[in-house]
Amino acid sequence: MPTTCCPQTYSATLGLIGIGDHSNQRHPLTGGGMTCAFRDAVLLADNLASIPNLRSDNPVELTHIHAKMQRAILAYSRQRFTHSCCINILSWALYRVFGTVVSMRHACFDYFLRGGVCVSEPMDMLSGLQPSPLVLLYHYYRVMLFGAYNLITLSGTYAGVHPVTKKPLQPSTSELVFNTMTFFVNPMRLFGAVYLLAYATYVFLPLGWMEIISLWKLIDPTSWYARAIIRPFERTIVKTFRKAGKPVSL
């Protein structure tokens, strides 16, 4: 599915802010756009609620109100990643998991079959109820380690399937021990487990960097030095290393 992957934007215009897809984009696979928009609206409203009065006929007081509004907008922009990054990373990661490596897809399905927190917490993150990057990281690598375990033991409802009958193998305890012992002398299975963990890291790290790391969390994008020095430098970098599409967050 062709779509655009854009990191979070930080407005360089005083008083201007966007929510939902205006701030950044995620893959439509998980339908997280409206969830992010609602969470953004609540977070922005909470930051603006600290301003006692948004109207005034006094020009001096109105200037102070505008300054407070800009600080609230900047605080919102720097805080929203706590809920948006989980939804965004999950959308792109699940798209890669379901669309490319079969072992990753099997690992995900087998992990969900365990039930309990293996299903409830990932669903809570997708729905925006538990916006925790650490919980996301925990479950993401737990899925992949569980997938590697299935490759080692040739088990799992989806991973451990007979090549001819397509039915789960359901190995006994002795067969699990034998499969584990023979894993280290089977280069194809060994490569499959290593590749699974390596590819999972290859998918996650760029997404985590794009969602969490940003220079604008430390610098006010509306300041004069940001407009005069940092923005032109960012444009040059983006145009140099990005082959298609216009620069984002500018």
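This note reviews a predicted model of one protein chain, point by point.

1. Basis of the model. Because the model is predicted, local features need pLDDT of at least 70 and side-chain atom pairs count only at pLDDT 80 or more, while totals for chains, interfaces and linings use all residues. Residues are numbered from 1 along each chain as its sequence is written, and side-chain values use heavy atoms, with hydrogens and water left out.

2. Overall fold. The protein chain has nine helices and zero strands. Its pattern along the sequence reads α-α-α-α-α-α-α-α-α. Helices (H or I, at least four residues) and strands (E, at least two) are DSSP runs, numbered from the N terminus.

3. Burial and surface. Of the 250 residues in the protein chain, 37% are buried. Buried means under 20% relative accessible area, exposed means over 50%, and partly exposed lies in between (1.4 Å probe, protein chains only). The accessible surface amounts to about 14400 Å², and carbon and sulfur atoms hold 68% of that surface. Such areas come from the Shrake-Rupley method with a 1.4 Å probe; for residues, only the protein chains shown count as cover.

4. Contacts across the sequence. A contact means heavy atoms within 4.5 Å. Among contacts in the protein chain with a separation of 6 or more, 68% join residues 24 or more positions apart.

5. The largest nonpolar core. In soluble globular proteins, nonpolar side chains tend to be buried together. A nonpolar core is a set of buried Ala, Val, Leu, Ile, Met, Phe, Trp, Tyr and Cys residues joined through side-chain atoms within 4.5 Å. The largest one here has 33 residues, and Met104, Leu136, Tyr140, Met144 and Leu207 touch the most other members. At least two residues of this core come from each of helix H3 (81-99), helix H4 (102-112), helix H5 (117-126), helix H6 (133-153) and H8. The most is given by H3, with nine residues. Another core lies apart from it and has five residues, including Tyr10, Trp216, Ala226 and Ile230.

6. Leucine 136. Leaving aside neighbours within four places in sequence, leucine 136 is in contact with Cys85, Cys86, Ile89, Leu90, Met125 and Phe204.

7. The salt bridge. Side chains of opposite charge can pair when their charged atoms come close. A salt bridge is a side-chain nitrogen of Lys or Arg within 4 Å of a carboxyl oxygen of Asp or Glu, and the count comes to one by this rule. Arginine 80 and aspartate 40 form a salt bridge, with their closest N and O atoms 2.8 Å apart. Arginine 80 lies in the loop between helix H2 (59-79) and H3, and aspartate 40 lies in helix H1 (residues 33-48), so the pair ties together parts that are 40 residues apart in sequence. Arginine 80 counts as buried at 1% relative accessibility, and aspartate 40 counts as buried at 0%.

8. Glutamate 121. This residue is part of helix H5. Not counting residues up to four places away in sequence, glutamate 121 touches Gln130, Val135 and His139.

9. Arginine 39 is placed in helix H1 and counts as partly exposed at 29% relative accessibility. Arginine 39 and serine 84 are 45 residues apart in sequence and 8.3 Å apart in space, C-alpha to C-alpha. Threonine 201, in helix H8, counts as partly exposed at 25% relative accessibility. The C-alpha atoms of threonine 201 and tyrosine 140 are separated by 9.7 Å, although these residues are 61 residues apart along the chain.
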